[in-house]
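Please look over the model below before reading my comments.

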Amino acid sequence: MSLVINEEIREKLDLAITGQKSALLANGDRTYCMITEPVAVHWKNCKMTTNAIMIPGAKKI
């Protein structure tokens, strides 16, 4: 499972970029994505910590 965000969310959360990796998108395109510092995600009674993948040019939907 991956946490995917756009640049706007990364800026709002003030997440640092810690690296990059190649990713295959759902449309079949391959791109380089930035990886952020770890993010704590809490939903209902579940918790996890993961790095977010920032997709370049992604728009808010």
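The points below run from the whole chain to single residue pairs.

1. This is a predicted model. The protein has 1 helix and 4 strands, arranged along the sequence as β-α-β-β-β.

2. On overall dimensions, the C-alpha trace spans about 35 × 25 × 20 Å along its principal axes. The accessible surface is about 4800 Å², and carbon and sulfur atoms account for 56% of that area. Of the 61 residues, 23% are buried.

3. Taking contacts between residues at least 6 apart in sequence, 31% join residues at least 24 apart.

4. A search of the whole structure gives 2 salt bridges.

5. R10 counts as buried because its relative accessibility, 16%, falls under the 20% cut-off. E7, at 29%, counts as partly exposed.

6. The other pair is E8 and K12, where the closest N and O atoms are 3.4 Å apart. Both residues belong to helix α1 and sit 4 residues apart, about one turn of the helix. E8 is partly exposed, at 34% relative accessible area. K12 has 59%, which is over the 50% cut-off, and therefore counts as exposed.

Notes. Residues numbered from 1 in each chain as written. Predicted model: local features only at pLDDT ≥ 70, side-chain atom pairs only at ≥ 80, totals over all residues. Heavy atoms only, no water. Salt bridge = Lys/Arg side-chain N within 4 Å of Asp/Glu carboxyl O. Buried < 20%, exposed > 50% of the residue type's maximum accessible area, 1.4 Å probe, protein only. Helix = DSSP H or I, 4+ residues; strand = E, 2+ residues; numbered from the N terminus. Contact = heavy atoms within 4.5 Å. Areas by Shrake-Rupley, 256 points an atom, 1.4 Å probe, with all protein chains shown as cover.
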